[in-house]
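The following exercises are to be worked with the sequence and the model at hand. Each task is followed by a solution in steps.

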Amino acid sequence: MPPEPRRRPTARQRALLGDLEALFLAEGFADFTLDDLAGRLRCSKSTLYALAPSKEQLAVKVVTHFFRGAGARIEERIAGIDDARKLIGEYLAGVAEHLNRASPSFMRDLAEFGPAREAYQVNSRFAAQRLRQFIDKGVADGVFRDVHARLVAEMTGLIIEGIQTGVLGQRIDVSDAEAFTALGELLLGGLNK
């Protein structure tokens, strides 16, 4: 039997996802029950179940919604920018800006809940890929030193992985947003001619 076609969320569901995103970013998501969420958002549990069949799947849906939305806004932010230096600077500033919205509780819950963490990992891998493209462009355009661009790009990917997994934050007590800002400074300082 073929899977049922996915229905587009209603306006109410889109608004509810936005409200859930704001709540989760501010307070995390692990400690909430569906009853808590329904009370806070003044909706029924069945309304929440229409979004996802369980609290865990709802958390994944909201986290994915946050990262997709952030990714789309960052891509809009860099649209039309041709200079690789500006692309990297604006891209990482956008990442930092969106992660600054996330409370320590949200980041902790994200790190501790595997399915939600996977949404962050997918987003981080995409960010590393985009940065590789920007570095390659900068070398090809002659605005970056002729360095081993693939090596720099791979090292960038490893740094992003260290940020995403929380290793850097734990070792030096910085937020992910601060780490992405520092990564931008490191890249641009090291690549510029």
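**Exercise 1. Determine which residues of helix H6 (104-112) are exposed and which are buried.**

Step 1. Pro104 and Glu112 of H6 are exposed; here exposed means over 50% relative accessible area, buried under 20%, and partly exposed in between, with a 1.4 Å probe and protein chains only. Helices are DSSP runs of H or I with at least four residues, numbered from the N terminus.

Step 2. On the other side, the buried residues of H6 are Phe106, Met107, Asp109 and Leu110. Viewed down the helix axis, these buried residues fall within an arc of 165°, so they line one face of H6. The arc is taken from the directions that run from the helix axis to the C-beta atoms.

Step 3. The cover over the buried residues of H6 includes helix H1 (11-27), H4, H7 and H10.

The structure is a predicted model, in which local features need pLDDT of at least 70 and side-chain atom pairs count only at pLDDT 80 or more, whereas totals for chains, interfaces and linings use all residues. Residues are numbered from 1 along each chain as its sequence is written, and side-chain values use heavy atoms, with hydrogens and water left out.

**Exercise 2. Describe the second largest pocket by volume, lining and class of residue.**

Step 1. The volume of this pocket is about 360 Å³. On a 1 Å grid over the protein atoms alone, a pocket is an open set of points with protein on both sides within 12 Å along at least five of seven lines, while a cavity is a set where a 1.4 Å probe fits but cannot get out; lining residues have an atom within 4 Å of a point. Points are joined across faces, edges and corners, and a volume is the space filled by probe spheres set on them.

Step 2. Of its 20 lining residues, Met107, Arg108, Ala111, Gly166 and Asp176 lie nearest the centre. H6 gives the most to this lining, with six residues.

Step 3. The lining has ten nonpolar, six polar and four charged residues, where Ala, Val, Leu, Ile, Met, Phe, Trp, Tyr, Cys and Pro count as nonpolar, Asp, Glu, Lys and Arg as charged, and the others, Gly among them, as polar.

**Exercise 3. Characterise the largest cavity.**

Step 1. The count comes to one cavity of 30 Å³ or more, and the largest cavity has a volume of about 150 Å³.

Step 2. It is lined by 15 residues, with Phe67, Ile74, Val95, Asn123 and Ala127 nearest its centre. Helix H4 (55-78), helix H5 (84-100) and helix H7 (114-141) each give two or more residues to this lining.

Step 3. By class, the lining of this cavity has eleven nonpolar, four polar and no charged residues.

**Exercise 4. State the position, burial and contacts of phenylalanine 66.**

Step 1. Phenylalanine 66 lies in helix H4 and counts as buried, at 1% relative accessibility.

Step 2. Leaving aside residues up to four places away in sequence, phenylalanine 66 touches Glu21, Leu25, Arg73, His98, Arg101 and Phe106; contact means heavy atoms within 4.5 Å.

**Exercise 5. Which positions have a positive phi although they are not glycine, and are they buried or exposed?**

Step 1. Arginine 42 has a phi near 55° and is found in the loop between helix H2 (34-41) and helix H3 (45-51). Arginine 42 counts as exposed, at 77% relative accessibility.

Step 2. Aspartate 173 has a positive phi of about 55° and sits in the loop between H9 and H10. With a relative accessible area of 71%, aspartate 173 is exposed.
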